[in-house]
Amino acid sequence: MLPPILKDDLALPVVGAPLFIISHPPLVIAQCKAGIVGSFPSLNARPIGQLDDWLSEITEELGDHKAKTPESKTAPFAVNLIVHKSNNRLEEDIRLVVKHKVPIVITSLGAVPEINRAVQSYGGITLHDVTVQRHAHSAIDKGATGLICVAAGAGGHAGRLSPFALIQETRAWFDGPILLSGAIANGGAVLAAQAMGADMAYIGSPFIGTDEARAEADYKQAIAQYGGEDIVYTNLFTGVHGNYLKPSIERAGMDPDNLPESDPSKMNFGSGGNTKAKAWKDIWGCGQGIGAVRQVGPAAALVDRLKAEYAEARARMCQP
């Protein structure tokens with residue numbers, strides 16, 4: 001069952017996934033105004049003081065929009081926290097999340113009961129992203145409200161399992177909120193995610209190719225130009241397996257068909273200018289669903305397309 005925060009003010013059952021470096025207030029605000037949850041990684045706001053400013057800006061802008069257009073669906077926003085020992089500003093980020101009463105918190109790379117309790121103390125919810133059942137059980141045991149099942153084909157850090165396998169195994173024991181991530185780029189796929197047992201879709205890569213995204217022009221154009229066959233799955237760049245655009249790897253002078261394995265123990269998500277963060281900037285993360293994206297444009301236009309496709313898919317399902 002979905003909590004009210006994930007259904008009452010949404011025009012479409014979609015969360016715009018937090019995109020490292022790329023998600024920032026203009027994109028988050030555009031997504032929320034269009035009726036889907038917008039989100040960003042807290043580490044995108046550097047230095048730490050900028051996070052305070054961003055949270056104020058987003059909260060105030062969405063509050064004003066909701067007051068001026070009460071008939072529209074103004075969705076809540078989310079902040080992604082990297083719960084990993086290398087994130088040396090996690091405590092400060094949590095303090096600001098609680099200060100601003102962020103409605104939805106997405107946790108990654110570690111489930112911590114104290115974070116869940118802190119967010120839920122003011123009425124917020126926590127969603128934890130997982131790729132395997134062991135991590136899913138651990139997250140719920142530690143108090144997460146719901147799960148984001150990251151299946152094969154997702155952009156950035158991605159799992160190996162088919163969405164069919166991941167969702168059916170998770171839904172067999174968990175009746176709370178489940179979101180599905182993995183190559184979802186049109187409205188029909190949103191409906192398909194619900195049909196297989198998820199409550200909502202988690203969409204990231206298509207939003208890289210939007211006007212509001214904080215990505216360079218070539219990156220945006222690549223989202224509209226390439227397709228699923230142009231994606232490489234590797235753990236070289238962060239120590240965690242993920243999907244990346246092959247042309248960006250080639251541009252960096254590497255052979256995408258012969259990449260070495262990385263040592264997972266060396267992954268680093270700290271706040272400094274480390275080489276791992278640089279790799280994230282130079283190598284373009286991307287999911288397999290980008291074949292559905294044909295042009296760069298406003299985030300609202302992308303959401304409108306998703307809404308129309310979702311409605312069309314539902315109508316087809318209802319036909320005799």
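Colleague: Why is K101 called exposed?

Modeller: The relative accessibility of K101 is 53%. Exposed means over 50% relative accessible area, buried means under 20%, and partly exposed lies in between, with a 1.4 Å probe and protein chains only. K101 is therefore classed as exposed. This is a predicted model, in which local features need pLDDT of at least 70 and side-chain atom pairs count only at pLDDT 80 or more, while totals for chains, interfaces and linings use all residues. Residues are numbered from 1 along each chain as its sequence is written, and side-chain values use heavy atoms, with hydrogens and water left out.

Colleague: Where is K101 found, and what is its phi?

Modeller: K101 is in the loop between α3 (90-99) and β4; helices (H or I, at least four residues) and strands (E, at least two) are DSSP runs, numbered from the N terminus. Its phi is positive, about 50 degrees, although K101 is not a glycine.

Colleague: Why is I21 called partly exposed?

Modeller: I21 has a relative accessible area of 25%, so it is partly exposed. I21 also has a positive phi, near 75 degrees, in a residue other than glycine, and its place is the loop between β1 (14-16) and α1.

Colleague: What makes I106 and T126 buried?

Modeller: I106 has a relative accessible area of 0%, and therefore counts as buried. T126 is likewise buried, at 0% relative accessibility. I106 is found in strand β4 (residues 104-108), and T126 in strand β5 (residues 125-130).

Colleague: Which residues are in contact with I106 and with T126?

Modeller: Contact means heavy atoms within 4.5 Å. Leaving aside neighbours within four places in sequence, I106 is in contact with residues including P18, A78, L81, L127 and Y202. With residues up to four places away not counted, T126 touches V105, I115 and G146, among others. T126 and G146 are 20 residues apart in sequence and 6.5 Å apart in space, C-alpha to C-alpha.

Colleague: How many disulfides does a search of the whole structure find?

Modeller: The search finds zero disulfides, a disulfide being a pair of cysteine sulfur atoms within 2.5 Å. As for individual cysteines, C32 is buried, with a relative accessible area of 0%, whereas C318 is exposed, at 67% relative accessibility.

Colleague: How many residues has the largest nonpolar core?

Modeller: A nonpolar core is a set of buried Ala, Val, Leu, Ile, Met, Phe, Trp, Tyr and Cys residues joined through side-chain atoms within 4.5 Å. The largest has 48 residues, and F207 is one of those with the most contacts inside it. Helix α11 gives the most to this core, with six residues. A second, separate core has 42 residues, including L51 and F77.

Colleague: How do α1 and α11 pack?

Modeller: Helix α1 (residues 25-34) and helix α11 (residues 299-318) pack at an angle of about 35 degrees, with axes 9 Å apart. Axes are lines fitted to C-alpha atoms, for helices over the stretch in contact, and angles run from 0 to 180 degrees between N-to-C directions. L27, A30 and A34 in α1 meet A299, A300, V303 and K307 in α11.

Colleague: Where does P47 lie, and what kind of peptide bond joins R46 and P47?

Modeller: P47 lies in the loop between β2 (38-41) and α2 (48-68). The bond joining R46 and P47 is cis, with omega about 5 degrees.
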